[in-house]
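Please read this report with the sequence and the 3D view side by side.

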Amino acid sequence: MNLYSFLRNYPCILKGYFKSLPIQTISKNTLQVFVLLGCIYTLSYTSIQAQSKVIGKPVYAPFDSIANVMENLNERDPQLPVLLKRLYHIADDTSIPILKYRCYYWDALIQRKIANRIDSTCMQNLKNAIIYMDSSEYFFDYARIRFLMLNPTFSISNYVDQYETYIEFLELFKQSGDIKYQANVNRWLGILLSELDEPKIALNYLESANELYNQIDAHNLAYTNEVNMSVVYNKLGQTDKTIEILEKLINKEQFRTDTIALVALYTNLVTLIDDSLKIDEYYLTAYNLSKKHGKNKYQYYLTRTNLGNYYLRHNQADSAIHCFQDSYLFSKKYNISRLLSPSLIGLATAYKSKGEWEKAFDYQNTYIQVTDSIKGIDKISEINKMESGIAIKEYQNKLIIEQQTNELNHKQNVITVILLLSLIIIAFFITLSVWQKNRITASQLKNEELQNENLHQEIDLRNRELSATSLVLSEKNGILGNILTQMEKFRKNGEMSNPCENTLRKMINNNLQTENEWESFKIHFEKVHPDFFTKLKEKHVELSENELKLCAYIRIGMTSKQISQMISVLPNTIKTNRYLMRKKMHLETKDSLDDYIRSI
């Protein structure tokens, strides 16, 4: 057992040790050792906990050494398939499950990089690995495989799910210390937020990704990520910066050998520059590269549409029509709106230049119909994006609250650990005294029981103090309200200037957020009683919002006096409201309103 494991399990070890020994057999030296270890535990708990996970936990040296070599190779390196076969042989020979799961990971990673897809057999292997892997022991492998299985193609139905998943993975990879995967997650977060028209936030994530890539000398991935950054800069209106990035990347070696990426660079540049000679050059270069490569059909027909524009610019209408017609048929077959509109307007323009007005009119009319349809779809998409953006911001706020809660819990845990160790040390000295006197008196046992009882009472007291927080906030609002009233009197008597009163009034009003306090209370209440409001509304639809609030306060056991203080009304008002609620709930005289509400 290593030092971390011992310290992490120290309280349990201690408990088991003393259970197994008679009290008389514990020596003074033994007690001193445990007290010393307790001090070490207190001092080391936080720092060691942060380093508790092992990156890619070593399992079998021959396998691990090859995997480490693969980690440092480019993901398109031809050595990878050869090394993967060796990993499979070792995994088969040793029959250690985690080694086979790691083979599945590398197999899928290589497939996705080479063929841009993962075959069904490999995907099923990954699913099986996720099911049967011990995620607590091999959490690093578990996180990597789950991340690899994600589909990074965003759609209006999964923006929020993708965002939440990536945030989860970002935290996992930070814990594991995997810089490369931290960078990958940052990159996908940037792309997602760019899709949701949040370019500033997106740029922050993409820049973080590049910093991490450069930190591990993964410059090829950094260059690829700069393409994403160029898109964001364009959305921010920084066209010159966008052009600068793209023109720099064209001359990078990795892009010169990656035809699909190179075509995308040329295609993007065409939409940004004004130099007609360069536009023609990029049109032709992109088309020839795409035609030669031939694997990406969408990209091919996109460059063919651009080629049609090139022919139009040079008054070659027949050649332009031929290009636009091909793109139109392809985009119509697969319903690709990004190609459909430009190919239709291109056909209309080309036939118009030839004087064939009837065909030009037909294509123009079709273009208008298609454009109207696309606008409707785009409108729906924009609405969904806005809703997703709002949901993501709510999730971000939730994360902030959770982080603050975790920090508070961490402090409480540290206090608990210190308290526990203090109690242990006290118990040691009590035990030592008992061992020296060789007897345990009844009064000492009663004292220990009394200490435990006092501890429980102290915990109960803290819980009651937490419940009273709402009343304290209400009292604060009452005091601030009285101050506002007094300020109004001062102003009328000429004892306070209007600017001074307005400034103080604004400061006070900023702290009179009663609705926010109710929303905060409602959030915590619904965590404890998640179906309370739903069931109450189903049974009594005529209840008002204020009556629902009153029911919630009654549900947690607050008295009428406390409630009146909480919502700043007279106790008689609460009494009247309770009477009206009884009538709406059709309760008989013998029925208790409090008991009825608590039964829901």
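Helices (H or I, at least four residues) and strands (E, at least two) are DSSP runs, numbered from the N terminus. The expected span of a helix is 1.5 Å times one less than its number of residues. This is a predicted model, in which local features need pLDDT of at least 70 and side-chain atom pairs count only at pLDDT 80 or more, while totals for chains, interfaces and linings use all residues. Residues are numbered from 1 along each chain as its sequence is written, and side-chain values use heavy atoms, with hydrogens and water left out.

**Overall**

The protein chain holds 29 helices and 0 strands. Of its 600 residues, 37% are buried. Buried means under 20% relative accessible area, exposed over 50%, and partly exposed in between (1.4 Å probe, protein chains only). Contact means heavy atoms within 4.5 Å. Take the contacts between residues at least 6 apart in sequence: 55% of them join residues at least 24 apart.

**Helix 11**

Helix 11 covers residues 199–215, which is 17 residues. From first C-alpha to last it reaches 24 Å, close to the 24 Å expected at 1.5 Å a residue. An α-helix has 3.6 residues a turn, so residues three or four places apart point the same way. The buried residues of helix 11 are Pro199, Ala202, Leu203, Tyr205, Leu206, Ala209, Asn210, Leu212 and Tyr213. Which helices do the buried residues of helix 11 pack against? They pack against helix 9 (159–176), helix 10 (179–195) and helix 12 (219–235).

Glu207 is also in helix 11. Its relative accessible area is 29%, so Glu207 counts as partly exposed. Leaving aside neighbours within four places in sequence, Glu207 is in contact with Met229 and Tyr233. Glu207 and Glu226 are 19 residues apart along the chain, and their C-alpha atoms are separated by 8.7 Å. Just after helix 11, Asp217 takes a positive phi of about 60 degrees.

**Aromatic pairs**

Rings of Phe, Tyr and Trp (its six-membered ring) pair if their centres lie within 6.5 Å; planes under 30 degrees apart count as stacked, over 60 as edge-to-face and the rest as tilted. By this rule there are 17 aromatic pairs. Two of them are set out here.

| Pair | Centre to centre | Angle between planes | Class |
|---|---|---|---|
| Tyr105 and Trp106 | 5.4 Å | 70 degrees | edge-to-face |
| Phe147 and Phe169 | 5.7 Å | 75 degrees | edge-to-face |

Phe147 lies in helix 8 (residues 139–149) and Phe169 in helix 9, so this pair ties together parts that are 22 residues apart in sequence. Phe147 is buried, with a relative accessible area of 6%. Phe169 is buried too, at 1%. Phe147, Tyr166, Phe169, Phe173 and Tyr181 form one aromatic cluster. In the other pair, both Tyr105 and Trp106 are buried.

**Cavities**

A cavity is a set of points, on a 1 Å grid over the protein atoms alone, where a 1.4 Å probe fits but cannot get out; lining residues have an atom within 4 Å of a point. Grid points are joined across faces, edges and corners, and a volume is the space filled by probe spheres set on the points. How many cavities of 30 Å³ or more does the structure hold? It holds 3.

The largest cavity has about 40 Å³ of space. Its lining is Leu193, Leu196, Glu198, Ile201, Gly389, Ile392, Lys393 and Gln396. Helix 20 (residues 357–437) gives the most to this lining, with 4 residues. By class, the lining has 4 nonpolar, 2 polar and 2 charged residues. Here Ala, Val, Leu, Ile, Met, Phe, Trp, Tyr, Cys and Pro count as nonpolar, Asp, Glu, Lys and Arg as charged, and the others, Gly among them, as polar.

Helix 26 (residues 545–555) is mostly covered, with 9 of its 11 residues buried. Among them are Glu547, Lys549 and Arg555. Gly557 follows helix 26 and has a positive phi, near 90 degrees.

Asn335 is not a glycine, yet has a positive phi of about 55 degrees. Asn335 sits in the loop between helix 18 (317–334) and helix 19 (337–354). Its relative accessibility is 64%, so Asn335 counts as exposed. His586, not a glycine either, has a positive phi of about 60 degrees. His586 is in the loop between helix 28 (571–584) and helix 29 (593–598). His586 is exposed, with a relative accessible area of 67%.

Key. 1 Å grid on protein atoms, 1.4 Å probe; cavity = no way out; pocket = protein on both sides within 12 Å on 5 of 7 lines; lining within 4 Å.
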